[in-house]
Amino acid sequence: MLVACAHGTRNPTGRRLIGELALAARALRPGLRTTAAFVDVQPPTVVDVVAGLAGSGTPAVVVPLLLSGGYHVHVDIAGAVADHPTAVAARPLGPDQRLVAVLTDRLVAAGADPRDRTTAVVLAAAGSSDPRSVADVEGTAGLLQQGWAGPVTTGYGSAARPTVPDAVTAARRAGAERVVVAAYLLAPGHFSDKLQGAGADVVTAPLLPDERIAAVLLDRYDAALRKPVDAAS
């Protein structure tokens, strides 16, 4: 069973898009069984879902529908599978070159030109106090920078620094004629709403919907299934 574990949101569009991501994975992998779980905001919790599957003897692979590895990955999800030998946690969706490709498409759709050295990009993530999460976001920014002529920096919605508004201000002070915020978020919600007031010229749409993200999800699932085999070899 693939347990697609998202953060959780009160935004109805965000809830729909996260649900459709799991459906897209099933469409790419006919016969795959999936269920949803969350680490915050909405039920069912990942702890309850994993315990229920373990109680019924159903093996589970929890795939974090998260773009970096922070507290929710290393504590909430890791803790949910720790006491159940039939459950395993996969790595988060990011960093991944396919997510960078989606980010680039969103930037171009918003009118940004990858060849324009005067356009700065602020990669806006939700944020975490976990340095592993920050490193993942910085890694994604580095991948995006490879295909972008102007500077690519990072900004965060909470916990980490700089904030998105501060990153936008810093980009202008560094000489950018135009600043575009690339929403490094899966779906609309609390953090994406805040980006509109960050002072950028343009804010891109979140990553979903896009079939490439479902492909990343399946790759994380497959890699987690191989873990016991790799460990035994």
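Residue numbers start from 1 along each chain as its sequence is written. Because the model is predicted, local features need pLDDT of at least 70 and side-chain atom pairs count only at pLDDT 80 or more, while totals for chains, interfaces and linings use all residues, and side-chain values use heavy atoms, with hydrogens and water left out.

**Overall form**

The protein chain contains eight helices and eight strands; helices (H or I, at least four residues) and strands (E, at least two) are DSSP runs, numbered from the N terminus. Along the principal axes, the C-alpha atoms occupy a box of roughly 60 × 35 × 30 Å.

**The open sheet**

An open sheet is built from four strands in the order S6-S5-S7-S8, with parallel pairing. Two strands pair if DSSP finds at least two bridges between them. At the edges lie strand S6 (152-156) and strand S8 (202-203), each of which pairs on one side only. Strand S5 (residues 119-125) and strand S7 (residues 178-183) are joined in the parallel sense by six bridges, and Val121 stands opposite Val180 in S7. Helix H4 (residues 97-109) packs on the sheet and touches S5 and S7, its direction making about 135 degrees with that of S7. Contact here and below means heavy atoms within 4.5 Å.

**Helix packing**

Two helix pairs are described next. Axes are lines fitted to C-alpha atoms, for helices over the stretch in contact, and angles run from 0 to 180 degrees between N-to-C directions.

| Helix pair | Axis distance | Angle |
|---|---|---|
| H2 (residues 46-55) and H3 (residues 71-82) | within 9 Å | roughly 20 degrees |
| H4 and H5 (residues 131-145) | 10 Å | about 60 degrees |

H2 and H3 are therefore roughly parallel to each other, whereas H4 and H5 are oblique. Angles under 35 degrees count as roughly parallel, over 145 as roughly antiparallel, 65 to 115 as roughly perpendicular and the rest as oblique.

H2 passes H3 in a right-handed crossing. The contact involves Val46, Val47 and Val50 of H2 together with Asp76, Ala80 and Val81 of H3. By class, this contact has five nonpolar, no polar and one charged residues.

H4 likewise passes H5 in a right-handed crossing; a crossing is right-handed if the near helix is turned clockwise from the far one by less than a right angle, and left-handed if anticlockwise. On the H4 side the contact is made by Gln97, Val100, Leu103, Thr104 and Leu107, and on the H5 side by Thr140, Leu143 and Leu144. These residues divide into five nonpolar, three polar and no charged. Ala, Val, Leu, Ile, Met, Phe, Trp, Tyr, Cys and Pro count as nonpolar, Asp, Glu, Lys and Arg as charged, and the others, Gly among them, as polar.

**Backbone sites**

Most residues other than glycine have a negative phi, and most peptide bonds are trans. The peptide bond from Gly94 to Pro95 is cis, with omega near -5 degrees, and Pro95 lies in the loop between strand S4 (87-89) and H4. A cis peptide bond also runs from Leu208 to Pro209, with omega near 0 degrees; Pro209 belongs to the loop between S8 and helix H8 (211-232). Val41, a residue other than glycine, has a positive phi near 75 degrees and sits in the loop between strand S2 (34-38) and H2.
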